[in-house]
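This briefing covers voids and helix packing in one protein model. Please consult the sequence and the structure shown below alongside the text.

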Amino acid sequence: MRTYLVTGGAGFIGSNYIQYMFRKYDNTIRIINVDALTYAGNLENLKEIANRENYTFIKADITDKAAIQKIFEENDIDRVVHFAAESHVDRSIRNPEIFVQTNVLGTAVLLNCAKAAWEQEDGSFKEGKRFLHVSTDEVYGSLEKEGEYFYETTPYAPRSPYSASKASSDMLVKAYMDTYRFPANITNCSNNYGPYQFPEKLIPLIINNALQGKKLPVYGDGKNVRDWLYVEDHAKAIDMVQEKGRLFETYNVGGHNEKQNIEIVTIIIETLQEQLSDTDPRKALVSKDLITYVEDRKGHDRRYAIAPDKIKAEIGWEPETMFKDGIRQTIQWYFEHEDWMKNVTSGDYQKYYEEMYE
Ligand code: NAD
Ligand code: DAU
C-alpha cells in the first residue's frame, strides 16, 4: 500500500486534496497528514475521514527537523505532497518573517528529510519515490498587458513577501532536482476557491460579509484580475502530476477563468440573492450597496493568468468545473456550514479583521 505524507492537510486545499484522494483510492492508499494547526489549519475540515484506519494525523511544525525526521524514520513514505505554508498575501505584507520561516525553511527541512530517507548508497533514489511541491502562479509576478500568460518558461518575478517566499522554496526544490536528481515536481497554480477556504481570502470573505450585511471591501479600483480554479480540479491535477507527470518538471495549473475582482463580488451578490429563499432573513441584507472601495493592497499585482497548455498536452488534465457551477456549489456549502464559519471567525479572526480593515 502506497503511503503519502501530506503537509498542511488541515488547510483549505490540503483538506480538499485528502478528501479527494480517499474518494478516489479508498483503502488502497495510506495518508499521514502533518500540520502545525496554525490559524489556517482546522481539523474540523477532516472530521469525515478522521477515523479511517488508513489515515493518521500528526501535529508538527515542518520547521521542526527532529519531528519531521522521526516521521520519515517510522514510516516508509512513498509520496510527499507539500502544501504547508503561510498563504495569505496581506498577512505577508504585515509580517513577512513567518513566511520565510515556514515557506522557505520548512521546505528545506522537508527536502532534507525526504532526501535522507530516499537516497541510496550510490546516490540514486529508491524506485517510486516522489515529492510534489505545491506552489503558486504569483511567483511569475504581475501581467500588465492583455493576452499575456504565465508559462512554465516565464521568468520568476515575485513581488510580495508571500510570493518571494514561495519563489524561494521553488528554487530550493529546483536545486535539489538539479544537484541530486531528487525525484520531484513543482506545480504552480492559480487562485483556488471552494469549500473550507478561510474567510481572509476574497471569495469566502465576501460571502460571509454579505450574509451579515457587512461592507464588502474591494481593494483599489476592483479591476485586478485573478484566474479562478475550483479546488477539486486542483486536487485532481496534483494527483495526475504524481501519476503521469515527468519527474523534474514544473506544471502550471489554471482555470482559464480570468475575472476582475469586482466581477467576482457582483457574481457572489447575485448568486446569493438567487439562492436565498424569500423567507430567509439574510436575503434582505445582501445588496450591491455593501460594495466599498478601500485602500489598495501595497504592491498589488494587476493580473494573473495561467496557460495550462503543458499539463493538458502531457497529462490530459484540464479544468472541469465551470465557474458558474463552482461558485454555486461553494455558496451552497457555506450555507450548509454556518457553524464552520462561526468557529473559524471566532477568536483571533476578529482581531485580524479589525486591524486589517478598520
Ligand atoms: P491554507 O493557509 O488554507 O493552509 C495552510 C496549512 O498549512 C494550514 O493547515 C496550516 O496549519 C499549515 N501550516 C502552516 N504553517 C505550518 C508549519 N510551519 N508546519 C506545518 N503546517 C503548517 O493554505 P491553502 O490555501 O490551502 O494553500 C496550500 C498551499 O497551496 C500553499 O503552499 C499555497 O502557497 C499553495 N497555493 C494556494 C493557492 C490558493 O489559491 N489558495 C493557489 C496556489 C497555490
Ligand atoms: O494566485 C494564487 C494565490 O491566490 C495563492 O498563491 C495565495 O495563497 C492565495 O491567497 C491567492 O492570493 P490572492 O492575493 O490573489 O488572493 P486573495 O483572495 O487574497 O485576493 C484575491 C484578489 O482580491 C486580490 O486581487 C486582492 C483582492 N481582495 C482581497 C481581499 C481579501 C479585495 O479586493 N478585497 C479583500 O478583502
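The lining of the second largest pocket comprises 7 nonpolar, 4 polar and 6 charged residues, where Ala, Val, Leu, Ile, Met, Phe, Trp, Tyr, Cys and Pro count as nonpolar, Asp, Glu, Lys and Arg as charged, and the others, Gly among them, as polar. The model is predicted: local features need pLDDT of at least 70, side-chain atom pairs count only at pLDDT 80 or more, and totals for chains, interfaces and linings use all residues. Residues are numbered from 1 along each chain as its sequence is written, chains are lettered from A and ligands numbered from 1 in the order in which they are written, and side-chain values use heavy atoms, with hydrogens and water left out.

**Second largest pocket**

- The volume of this pocket is about 380 Å³. On a 1 Å grid over the protein atoms alone, a pocket is an open set of points with protein on both sides within 12 Å along at least five of seven lines, whereas a cavity is a set where a 1.4 Å probe fits but cannot get out; lining residues have an atom within 4 Å of a point.
- Grid points are joined across faces, edges and corners, and a volume is the space filled by probe spheres set on the points.
- Of the 17 lining residues, Tyr39, Arg91, Asp348, Tyr352 and Glu355 lie nearest the centre of the second largest pocket.
- At least two lining residues come from each of helix H3 (89–94), helix H4 (97–118), helix H11 (338–345) and helix H12 (348–357); helices are DSSP runs (H or I, at least four residues), numbered from the N terminus.
- H12 gives the most to this lining, with 5 residues.

**Cavity**

- The count is 1 cavity of 30 Å³ or more, and the largest cavity has a volume of about 40 Å³.
- The largest cavity is lined by Phe12, Ala40, Asn42, Asn45, Tyr196, Phe198, Trp340 and Val344, which divide by class into 6 nonpolar, 2 polar and no charged residues.

**H4 with H5**

- H4 packs against helix H5 (residues 161–180) at an angle of about 20°, with the axes 8 Å apart. Axes are lines fitted to C-alpha atoms, for helices over the stretch in contact, and angles run from 0 to 180 degrees between N-to-C directions.
- H4 and H5 are therefore roughly parallel; angles under 35 degrees count as roughly parallel, over 145 as roughly antiparallel, 65 to 115 as roughly perpendicular and the rest as oblique.
- The H4 and H5 crossing is right-handed, that is, the near helix is turned clockwise from the far one by less than a right angle.
- Contact means heavy atoms within 4.5 Å; among the residues that meet are Phe99, Val100 and Leu111 in H4 and Leu172, Val173 and Tyr176 in H5.
- The contact of H4 with H5 has 10 nonpolar, 6 polar and 2 charged residues.

- The axes of helix H6 (residues 202–211) and H8 come within 10 Å and cross at roughly 45°, which makes H6 oblique to H8.
- The crossing of H6 and H8 is right-handed, and its contact residues divide into 10 nonpolar, 1 polar and no charged.
- Helix H8 (residues 261–275) and helix H10 (residues 323–336) have axes that come within 10 Å and cross at roughly 60°; H8 and H10 are therefore oblique to each other.
- The crossing of H8 and H10 is likewise right-handed, and their contact has 8 nonpolar, 3 polar and 2 charged residues.
- Ile264, Ile268 and Leu272 in H8 are among the residues that meet H6, and Ile264, Ile268 and Leu272 are also among those that meet H10.
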